[in-house]
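Let's walk through this model together, one region at a time. Please keep the sequence and the 3D view open as you read.

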Amino acid sequence: MEKMEERNKKSLTRTAKTDFQTRDEKEAGKVIEGYFAVFNSETELWPGAYEEIAPDAFNNTLGNDIRALANHDTTLVLGRNKSGTLRLAVDSHGLWGEIHVNEKDSDAMNLYERVKRGDVDQCSFGFNILKEETDWREDGTVKWKIEEIDLHEVSVCTFPAYEDTGIQARHKELEQHREKRMQQWKHEQLKKIGR
């Protein structure tokens, strides 16, 4: 397995279907809550390429100034940990979040009602990878285990999708690895025949 330390990449997003719930409490007001990421769950990015988030991946990032958004839209801020309207915590299952909905914000209230009805039930998070491990498997597949994340935002999403640039970066890394292995194989074959 290859280790990658301190890698600077474009901001990436990852997505998951979750069991978001809503609550309406007298003291807390309206709340949207659920898991934005799940640990030790292998996700298939495309056939033969997998990714998994390690349980310690968020340990050094929850102090960041993180926003909760609707569909990754920076104009639709639902909450922010700095202001106390977004609460994030890590447990053995994953990254859990609680958004305190601004009842005077019609966009936030519309989303709250969509989550409550079950029309919107997916999530995503935006981040940079700081540390990961790559496992190039004998069967030709690859698995990236993300060990440390720099978290920027979490989103409640209608149609979450992997960001094209993030997937393209993974594709490029895979192609470079395959090309390198092919060159090594060619070199070994030439050595065997004495060239």
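**A guided walk through the model**

Asn-71 sits in the loop between S7 and strand S8 (73–80); helices (H or I, at least four residues) and strands (E, at least two) are DSSP runs, numbered from the N terminus. Before we go further, note that this is a predicted model, in which local features need pLDDT of at least 70 and side-chain atom pairs count only at pLDDT 80 or more, while totals for chains, interfaces and linings use all residues. Residues are numbered from 1 along each chain as its sequence is written, and side-chain values use heavy atoms, with hydrogens and water left out.

Asn-71 is partly exposed at 40%, and His-72 is partly exposed at 26%.

Now turn to strand S6. Five of the five residues of S6 are buried, so the strand is largely enclosed by the rest of the structure. Ala-49, Glu-51 and Ile-53 point one way from S6, Tyr-50 and Glu-52 point the other way, and all are buried. Which strands pair with S6? Two strands pair if DSSP finds at least two bridges between them. Strand S5 (residues 43–46) pairs with S6 in the antiparallel sense over three bridges, and strand S12 (residues 142–157) pairs with S6 in the parallel sense over five bridges. Tyr-50 makes a handy landmark: Glu-44 stands opposite Tyr-50, and in S12 the bridge partner of Tyr-50 is Lys-143. The hairpin of S5 and S6 has two residues between the strands, and Gly-48 there takes a positive phi near 90 degrees.

Side chains of opposite charge can pair when their charged atoms come close. The structure holds ten salt bridges, each defined as a side-chain nitrogen of Lys or Arg within 4 Å of a carboxyl oxygen of Asp or Glu. One of them joins the side chains of Glu-52 and Lys-145 (3.8 Å, N to O). This pair links distant parts of the chain, with Glu-52 in strand S6 and Lys-145 in strand S12, 93 residues apart. Glu-52 is buried, with a relative accessible area of 8%, whereas Lys-145 is partly exposed at 27%.

Another salt bridge brings together the side chains of Arg-87 and Glu-98 (3.4 Å, N to O). Arg-87 lies in strand S9 (residues 86–90) and Glu-98 in strand S10 (residues 94–100), so the pair ties together parts that are eleven residues apart in sequence. Elsewhere, salt bridges that share partners join Glu-42, Glu-52, Asp-135, Arg-137, Lys-143 and Lys-145 into one network.

Next come the aromatic rings. The structure holds five aromatic pairs. Rings of Phe, Tyr and Trp (its six-membered ring) pair if their centres lie within 6.5 Å; planes under 30 degrees apart count as stacked, over 60 as edge-to-face and the rest as tilted. The rings of Phe-58 and Phe-125 have centres 5.7 Å apart and planes at 65 degrees, so this pair is edge-to-face. Phe-58 lies in the loop between strand S6 (49–53) and strand S7 (67–70), and Phe-125 in strand S11 (residues 122–136), 67 residues apart. Phe-58 is buried at 0%, and Phe-125 is buried at 2%. Phe-125 also pairs with Phe-127: their centres are 5.0 Å apart and their planes at 35 degrees, so that pair is tilted. Ring pairs link Phe-39, Phe-58, Phe-125 and Phe-127 into a cluster.

Our last stop is helix H1. In H1, Ala-108, Met-109, Leu-111, Tyr-112 and Val-115 are buried. Seen down the helix axis, the buried residues of H1 fall within an arc of 160 degrees, so they line one face of the helix; the arc is that of the directions from the axis to the C-beta atoms. On the other side of H1, Ser-106 and Arg-117 are exposed. Just after H1, Gly-118 takes a positive phi of about 90 degrees.

Technical notes
Buried means under 20% relative accessible area, exposed over 50%, partly exposed in between (1.4 Å probe, protein chains only).
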